[in-house]
Amino acid sequence: MLLGLSALAAAAGAPAQTPSAADDLHGLKIEHLRVQPTPSPFPLNVRTGRRQELEFRSVEAMTQADRDLVAANEDEIARRADLQGFHLDDSGRDSGRGAWGYEQAVCPVFPDHVILEYSRQNGAGDVSLFTAVIPRGGGHVRVIPARRRSYSLWTPSASNALTLNDFNHMVKESRDGLSPDWLTLGLCYTALTGGHVRAGLKANSAAEEHFPLAAPAMIVVSRKGGAEVRFSDTTPDTREMTWVLEFAQNGRLLKVRHGDARELVERPTKESAVDLGKTGN
């Protein structure tokens with residue numbers, strides 16, 4: 001009741017008044033409302049979450065500086081890939097296997113890192129894939145396995161502890177720390193697992209909506225602190241999948257869930273159509 005009275009007074013522009021002893025409050029006590037800030041690792045007053053997909057560059061489209069950085073780290077990438085069972089020198093016509101190639105995932109929230117997706121295809125159902133991350137300022141080169149001959153290694157790379165750990169270290173190594181752009185962070189995480197994700201967004205108008213309708217990207221804030229970043233992969237000609245990234249209050253990525261997306265599908269009804277313009281009492 002008091003909250004409603006305060007809201008009406010504020011809406012009318014009435015100045016706040018302290019009740020005098022002569023006012024009859026019927027035993028009620030008036031106190032100032034204390035608005036508690038919503039705990040979140042991401043600022044909630046910044047407009048983010050509109051980047052639908054990342055840019056992926058071929059070797060020829062990369063900047064000269066990035067190509068030079070890759071060339072300087074080729075031996076280290078090959079050594080670390082070999083430890084994970086990916087042999088970069090075991091390809092081409094002499095081995096009877098497809099050649100390794102890579103492309104760059106351009107992640108604006110990780111300006112201090114070059115992210116490369118390496119892949120090799122030996123035919124239908126035989127694909128190997130891993131990601132290499134090179135710090136621009138020097139330091140530890142990371143190799144994140146995704147699939148070896150179309151099979152996930154150990155646990156799926158989308159949610160295993162090694163991928164989460166590498167992501168959190170990349171955030172620590174970034175000069176600006178955790179980016180407020182929660183959706184681009186999520187898209188860059190999918191790139192570490194070898195993904196090319198096109199996130200579903202909320203349509204700007206009803207005319208832009210189409211079916212099947214995937215859940216739009218969103219951030220869900222916990223009262224206890226922390227947040228979940230949720231988005232669906234709507235890449236054409238692929239099965240729609242949903243991603244849920246759980247962040248702690250301090251910005252650390254704790255858990256990732258990846259599974260089939262739930263979507264709304266347009267279905268005709270059996271009922272007769274009604275012309276609302278001709279109905280009435």
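How many helices and strands does the secondary structure of the chain come to? Colour the model by secondary structure and count along: there are 5 helices and 12 strands. Keep in mind as you click around that this is a predicted model. Of the chain's 281 residues, 36% count as buried.

**Stop 1: helix 4 and helix 5**

Select residues 161-173, which are helix 4, and residues 182-192, which are helix 5. Two packed helices are described by the angle between their axes and the distance between the axes. Here the axes come within 11 Å and cross at roughly 130°. That angle makes helix 4 oblique to helix 5, and the crossing is right-handed.

Now show side chains where the two helices meet. On the helix 4 side, the contact is made by Thr 163, Leu 164, Phe 167 and Met 170. Helix 5 brings Leu 185, Tyr 189 and Leu 192. Sorted by class, that gives 6 nonpolar residues, 1 polar and no charged ones.

**Stop 2: the aromatic rings**

Next, select the Phe, Tyr and Trp side chains: the structure holds 11 aromatic pairs. A pair of aromatic rings is described by the distance of the centres and the angle of the planes.

Start with Phe 42 and Phe 247. Their ring centres are 5.2 Å apart and the planes sit at 85°, so this pair is edge-to-face. Which parts of the chain does the pair tie together? Phe 42 lies in the loop between helix 1 (2-12) and strand 1 (55-57), while Phe 247 is in strand 10 (residues 241-247), so the pair connects parts that are 205 residues apart in sequence. Both Phe 42 and Phe 247 are buried.

Then go back to two residues from the helix contact, Phe 167 and Tyr 189. These two also form an edge-to-face pair, at 5.6 Å centre to centre with 70° between the planes. Phe 167 lies in helix 4 and Tyr 189 in helix 5, so this pair ties together parts that are 22 residues apart in sequence. Are Phe 167 and Tyr 189 buried or exposed? Phe 167 is buried, and so is Tyr 189.

**Stop 3: Thr 190**

Staying in helix 5, pick Thr 190. This residue is buried, with a relative accessible area of 1%. Leaving out residues up to four places away in sequence, Thr 190 touches Gly 195, Val 197, Phe 231 and Trp 243. For a distance check, draw a line from the C-alpha of Thr 190 to that of Ser 159: they are 31 residues apart along the chain and separated by 9.9 Å.

**Stop 4**

Move to strand 9 (residues 227-233) and click Ser 232. At 3% relative accessibility, Ser 232 counts as buried.

Finish with Asp 126, in the loop between strand 3 (113-121) and strand 4 (127-135). Asp 126 is buried too, with a relative accessible area of 12%. From Asp 126 to Arg 148 the C-alpha atoms are 8.2 Å apart, across 22 residues of sequence.

Key
Residues numbered from 1 in each chain as written. Predicted model: local features only at pLDDT ≥ 70, side-chain atom pairs only at ≥ 80, totals over all residues. Heavy atoms only, no water. Axes fitted to C-alpha atoms, helices over the stretch in contact; angles between N-to-C directions. Helix = DSSP H or I, 4+ residues; strand = E, 2+ residues; numbered from the N terminus. Parallel < 35°, antiparallel > 145°, perpendicular 65-115°, else oblique. Left-handed = near helix turned anticlockwise from the far one by under 90°. Contact = heavy atoms within 4.5 Å. Nonpolar A, V, L, I, M, F, W, Y, C, P; charged D, E, K, R; others polar. Phe/Tyr/Trp six-rings, centres within 6.5 Å; stacked < 30°, edge-to-face > 60°. Buried < 20%, exposed > 50% of the residue type's maximum accessible area, 1.4 Å probe, protein only.
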